[in-house]
Amino acid sequence: MGNIIVRETSAELRGIGRNALSGAWGQVAIACFLYYVMIGTVPSILSLFIPASIYLGESIPGLNLSISYVSYLYSAVMTGVFQLGLVIFILTFLRTRKTNSAVIFNGFEYFAKAFCISFMSAFFAAMWALLFIIPGIIAYIRYSQALYILADDPRKGVFQCINESKYLMTGNKAKFFCMNLSFIGWTILANLPIMLFPFTVPGWLAIIVDLVLSIPYFFLLAYVEVTNGIFYELVTGHLVAKRVERPAA
């Protein structure tokens with residue numbers, strides 16, 4: 001039996017996402033804010049307290065960038081866990097309308113699997129990207145459903161989730177890419193406050209300013225993640241979009 005091919009257009013998928021978010025934009029945005037804090041703000045705070053860093057300018061000529069050891073380690077280890085937690089939150093919201101933001105910490109129950117899926121997906125995508133950027137993007141899309149599969153059935157192994165993601169995305173990769181690309185206009189608008197802020201601020205103030213100016217981004221993230229969750233529900237057959245037949249002219 002063949003896999004399910006998503007036939008809806010990007011506009012239709014976004015429309016389903018907006019309908020799902022109706023009356024719950026704020027609650028989902030709060031969960032996305034918490035997710036952002038855990039994978040973005042916490043590493044910044046760690047860099048303030050433990051500034052010892054790797055200077056990339058020595059290994060990459062022309063690049064003047066330092067990365068905190070502790071911040072980098074935290075991001076490498078925790079990103080997959082919180083990505084899984086956000087996926088669990090999104091699927092729970094879509095299926096039950098429950099919006100308990102603390103659900104994003106549920107990924108810790110499957111810490112090892114979440115980390116391994118995140119690491120292996122990034123590794124495979126990076127290996128393909130060595131050939132050219134397009135194969136890397138295709139590889140990233142190929143493994144994009146693995147954490148959703150794990151969230152649906154935590155008993156499944158790492159490579160089982162990855163292989164099932166590859167199967168689900170057969171014939172759906174272009175649709176998934178175009179759907180996410182269609183958010184580019186909203187992405188530019190959501191990031192305008194940060195792009196238009198002309199001042200450099202130090203330390204803690206920079207972190208606070210970033211959180212305040214990123215408020216529109218949290219709503220965008222809610223929109224994108226819910227739409228991605230709907231894509232998963234469609235590609236697995238958990239959700240069937242009804243098409244309205246237009247009367248003949």
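1. Rings of Phe, Tyr and Trp (its six-membered ring) pair if their centres lie within 6.5 Å, with planes under 30 degrees apart called stacked, over 60 edge-to-face and the rest tilted. That rule gives 16 aromatic pairs here. In one of them, Tyr36 and Phe218 are edge-to-face, because their ring centres are 5.2 Å apart and their planes stand at 65°. Tyr36 belongs to helix 2 and Phe218 to helix 12, so this pair ties together parts 182 residues apart in sequence. Helices (H or I, at least four residues) and strands (E, at least two) are DSSP runs, numbered from the N terminus.

2. Before going on, a word on the source: this is a predicted model, in which local features need pLDDT of at least 70 and side-chain atom pairs count only at pLDDT 80 or more, while totals for chains, interfaces and linings use all residues. Residues are numbered from 1 along each chain as its sequence is written, and side-chain values use heavy atoms, leaving out hydrogens and water.

3. Buried means under 20%, exposed over 50%, and partly exposed in between (1.4 Å probe, protein chains only).

4. Helix 4 holds both Phe119 and Phe123, which sit 4 residues apart, about one turn of the helix. Phe119 is partly exposed at 46%, as is Phe123 at 37%. Ring pairs also join Phe115, Phe119, Phe123, Phe124 and Tyr143 into a cluster.

5. Now the largest pocket, with a volume of about 920 Å³. Among its 33 lining residues, Gln83, Tyr140, Ser144, Phe176 and Glu225 are the closest to its centre. A pocket is an open set of points on a 1 Å grid over the protein atoms alone, where a 1.4 Å probe fits, with protein on both sides within 12 Å along at least five of seven lines; lining residues have an atom within 4 Å of a point. Grid points are joined across faces, edges and corners, and the volume is the space filled by probe spheres set on them. Helices supplying at least two lining residues each include helix 3 (69-96) and helix 12 (215-235).

6. Ile50 sits in the loop between helix 2 (25-49) and strand 1 (53-55), and is partly exposed at 36%. Beyond its neighbours within four places in sequence, Ile50 contacts Ser68 and Val70 (heavy atoms within 4.5 Å).
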